[in-house]
Amino acid sequence: MRCRDAKIYIAAQRDGDLAESDASALQEHLKLCLDCRSLEQRQRSLDTLLSSSAPQTPVVQQAHVSTEHIMLAVQQQRQISQQLEDIRQQQQSRVAHLRPVGAATAAIVFFTLGSVPLLLLAIALIQTDLLVKAVSSPLNGILDMLFISGQYLQTELTWVTRNNLLLSAMAFAFVVMMGVWLRLMRHPQET
């Protein structure tokens, strides 16, 4: 639950319009969020203050609500409103600071994770002897099959690199795929 929703739920709870499932979600959020918990406590103290100055008997006590109590309640309400606005601005600034960092981190992680298997494949194709030496010998039948497959792949890779047109097509396809990925990963523009 976000703080914005919690504030709405706090107001609904004060009015008695909050559903039981929403009340439990609100209590969970209040356990985790110090700002919302302090807002809810201030709201309760304000309600207590207003209810203590509320009339106990119908008509006789209504005249005893002092201006001081009303002004104190108004001042507390202004403080709560200011605190809510400060919290909202803090959240917006945090999100604004994290957007570029999050996008850059996601791009770096994606590129790194995508490059590691390609690097391992390149090492396996170029240095098949090293790969064979690195793997233990109990798997001789499988290793022989992998070694032969590696030699075929190495031959095919040599053919691809010698054919400039095919190599250019593969590079162009890679550039197009990276462009599509960058287009998909950009942040949607708000209207």
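Q: Which residues does Leu26 touch, leaving aside those up to four places away in sequence?
A: In this predicted model, Leu26 is in contact with Met1, Ala6, Tyr9, Ile10, Gln13 and Leu18, once residues up to four places away in sequence are set aside.

Q: What is the largest nonpolar core, and which residues have the most contacts inside it?
A: Think of a nonpolar core as a set of buried residues of nonpolar type joined through their side chains. Here the largest one has 14 residues, and Ile10, Leu18, Leu26, Leu30 and Cys36 have the most contacts inside it. Helices H1, H2, H3 and H4 (67–126) each supply at least two residues of this core. H1 gives the largest share, with 4 residues.

Q: How do I check the length of helix H2?
A: Count 1.5 Å a residue and compare the result with the distance between the end C-alpha atoms.

Q: Which residues of H2 are buried, and which are exposed?
A: Ala23, Leu26, His29 and Leu30 are the buried ones. They lie on the same side of H2, because their arc around the axis is only 125°. On the other side, Glu20, Ser21, Lys31 and Leu32 are exposed.

Q: What do the buried residues of H2 pack against?
A: Their partners are helix H1 (3–15) and helix H3 (34–52).

Q: How many disulfides does a search of the whole structure find?
A: A disulfide is a covalent bond between the sulfur atoms of two cysteines. The search of this structure finds 0. Cys3 is in no disulfide, and the nearest cysteine sulfur to it, that of Cys36, is 3.6 Å away.

Q: Are Cys3 and Cys33 buried or exposed?
A: Burial is judged by relative accessible area, and under 20% counts as buried. Cys3 is buried because its relative accessibility is 10%. Cys33 is buried too, with a relative accessible area of 12%.

Q: Where in the chain is confidence lowest, and where is it highest?
A: Start with the average: the chain has a pLDDT of 78, and 82% of the residues score at least 70. Confidence is lowest in helix H5 (residues 128–134), with a mean of 67, and highest in H2, at 86. Over residues 58–63 pLDDT stays under 50, and the model has 3 contacts beyond four places in sequence for them.

Definitions and conventions: Residues numbered from 1 in each chain as written. Predicted model: local features only at pLDDT ≥ 70, side-chain atom pairs only at ≥ 80, totals over all residues. Heavy atoms only, no water. Expected span 1.5 Å × (residues − 1). Buried < 20%, exposed > 50% of the residue type's maximum accessible area, 1.4 Å probe, protein only. Arc of directions from axis to C-beta. Contact = heavy atoms within 4.5 Å. Core = buried A, V, L, I, M, F, W, Y, C linked by side-chain atoms within 4.5 Å. Disulfide = S-S within 2.5 Å. pLDDT = per-residue confidence, 0-100.
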